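Subject: Structure handover

Hello,

Here is the structure I promised to pass on. Please open it beside this email; my notes follow below.

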Amino acid sequence: MKDDGGHRLGEAELGTGLGRRATLVQFSSAFCQPCRATRRTLAEVAAMVDGVAHVEIDAEKQLALVRELKIERTPTVLVLDAHGVIVRRASGQPRRADVIAALGQAV
């Protein structure tokens with residue numbers, strides 16, 4: 001996962017509130033096979049770590065946000081801190097250990 005330069009997202013962009021400590025944001029598309037596995041991985045990590053939320057965004061329905069954040073493929077995962085600042089991002093299916101390590105930077 002790489003750093004993303006401090007963009008900030010909130011309820012208006014996500015369609016829901018932020019996690020108390022961090023938020024895992026997943027951009028997905030309907031026919032993306034790795035998106036399903038990513039959804040499971042992020043949901044498991046969010047359930048394991050207190051105060052972490054998982055939000056999935058349909059990239060096809062949020063094209064303005066996709067363009068603004070330069071999302072080029074699905075799945076793309078953003079790790080937000082408690083204030084909604086993007087601290088890490090990765091494209092492709094992440095490993096659980098990588099997601100947990102990235103959360104360490106956010107919480």
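Which residues does Cys 32 touch, not counting residues up to four places away in sequence? They are Thr 74 and Pro 75. Contact here means heavy atoms within 4.5 Å.

Before the rest, two points on the source. This is a predicted model, where local features need pLDDT of at least 70, side-chain atom pairs count only at pLDDT 80 or more, and totals for chains, interfaces and linings use all residues. Residues are numbered from 1 along each chain as its sequence is written, and side-chain values use heavy atoms, with hydrogens and water left out.

The overall fold

The protein chain has four helices and four strands. Their order from the N terminus is α-β-α-β-α-β-β-α. Both kinds of element are DSSP runs, numbered from the N terminus: helices are H or I with at least four residues, strands are E with at least two.

The C-alpha atoms fill a box of roughly 30 × 25 × 25 Å along the principal axes.

Of the 107 residues, 47% are buried. Buried means under 20% relative accessible area, exposed means over 50%, and partly exposed is in between (1.4 Å probe, protein chains only). Take the contacts between residues at least 6 apart in sequence: 70% of them join residues at least 24 apart.

The disulfide

The structure holds one disulfide, a term that stands for a pair of cysteine sulfur atoms within 2.5 Å. It joins Cys 32 to Cys 35, with S to S at 2.2 Å. The link is right-handed, with 85° about the S-S bond.

Are these two cysteines buried or exposed? Cys 32 counts as buried because its relative accessibility is 7%. Cys 35 counts as buried too, at 1%. Cys 32 sits in the loop between β1 (22-28) and α2 (33-48). Cys 32 and Glu 72 are 40 residues apart in sequence, and their C-alpha atoms are 13 Å apart in space.

The cis proline and its surroundings

Where is the cis peptide bond? It joins Thr 74 and Pro 75, with omega about -5°. Pro 75 belongs to the loop between α3 (63-68) and β3 (76-81). As noted, Thr 74 and Pro 75 are the residues that Cys 32 touches, leaving out residues up to four places away in sequence.

Gly 92 also meets Pro 75. Leaving aside neighbours within four places in sequence, Gly 92 is in contact with Thr 38, Arg 73 and Pro 75. The C-alpha atoms of Gly 92 and Pro 75 are separated by 5.3 Å, and the two residues are 17 apart along the chain. Gly 92 lies in the loop between β4 (86-91) and α4 (96-106). With 9% relative accessibility, Gly 92 counts as buried.

One more backbone point

Lys 70 is not a glycine, yet it has a positive phi of about 55°. Lys 70 is found in the loop between α3 and β3. At a relative accessible area of 63%, Lys 70 is exposed.

Best wishes
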